[in-house]
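Please consult the sequence and the structure while reading.

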Amino acid sequence: MLSDKFTAALVYATELHANQIRKGSEVPYIAHLLGVASIALEYGANEEEAIAALLHDAIEDQGGATIRAEIQHRFGETVATIVQGCTDTDITPKPPWRERKQAYIDHIIHASPSVRLVSAADKLYNAQSIVKDYRQIGEDLWERFTGKKAGTLWYYRSLVHAFRKVDSTPLVEELDRVVSELEQLVEQNH
């Protein structure tokens with residue numbers, strides 16, 4: 001069961017990301033955070049992992065080390081460590097895209113099971129969104145992404161390989177299925 005701590009994290013995440021929308025859409029960012037928490041819970045997350053799922057982008061998007069300290073204070077070191085482990089970078093300005101993504105892929109192989117669970121839930125949510133949006137707007141979708149089509153497809157396939165190097169959970173299998181669906185859709189449109 002989820003406690004008041006989860007509710008507090010939900011309110012905190014809503015406040016932190018209040019002015020953010022999903023890339024290329026008008027969808028409030030909290031929809032993504034709720035979706036990732038939902039997927040994590042469906043695949044066995046405990047409360048700390050579910051809280052980390054709600055907050056997984058907070059360090060990266062909302063203030064780096066200051067936000068990490070705030071998360072640690074409010075929700076504990078375990079949650080803060082998971083969120084840090086899901087953080088692409090907290091350096092401003094961000095390093096180049098490809099270098100950042102490769103470092104994240106390399107990191108996943110050595111990450112804790114909790115970080116891999118939350119990260120895979122995040123990537124599954126994103127891959128599902130990409131499939132949905134690709135069906136609606138086609139090739140124009142890739143303009144939203146720094147890595148464009150080739151980089152985005154490389155990144156998601158590489159993530160599947162990285163997760164699989166450690167273990168093949170039902171969540172990783174679902175991520176692979178959705179990434180394969182995306183690859184097939186792209187292939188069909190050429």
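The second largest pocket of this predicted model is lined by Tyr43, Pro113, Arg116, Leu117, Ala120, Phe163, Asp167, Thr169, Pro170, Leu171 and Val172. Two elements, H8 and helix H10 (170–188), each give two or more residues to this lining. The largest share, four residues, comes from H8. The space in the second largest pocket amounts to about 150 Å³.

The largest pocket has a volume of about 840 Å³. Its lining comprises 36 residues, of which Arg22, Lys23, Tyr29, Asn126 and Phe145 are the closest to the centre. Helix H4 (58–62), helix H7 (97–108), helix H8 (113–137) and H9 each supply two or more residues to the lining of the largest pocket. Here, the largest share is eight residues, and it comes from H8.

Two individual residues may now be considered. Gly44 is located in the loop between helix H2 (30–42) and helix H3 (47–55). Because its relative accessibility is 56%, Gly44 counts as exposed. Between Gly44 and Thr66 there are 30 Å in space, C-alpha to C-alpha, and the two are 22 residues apart in sequence.

Lys148 belongs to helix H9 (residues 148–166). With a relative accessible area of 37%, Lys148 is partly exposed. The phi angle of Lys148 is near 50 degrees, a positive value in a residue other than glycine.

Conventions: Residues numbered from 1 in each chain as written. Predicted model: local features only at pLDDT ≥ 70, side-chain atom pairs only at ≥ 80, totals over all residues. Heavy atoms only, no water. Buried < 20%, exposed > 50% of the residue type's maximum accessible area, 1.4 Å probe, protein only. 1 Å grid on protein atoms, 1.4 Å probe; cavity = no way out; pocket = protein on both sides within 12 Å on 5 of 7 lines; lining within 4 Å. Points joined across faces, edges and corners; volume = space filled by probe spheres on them.
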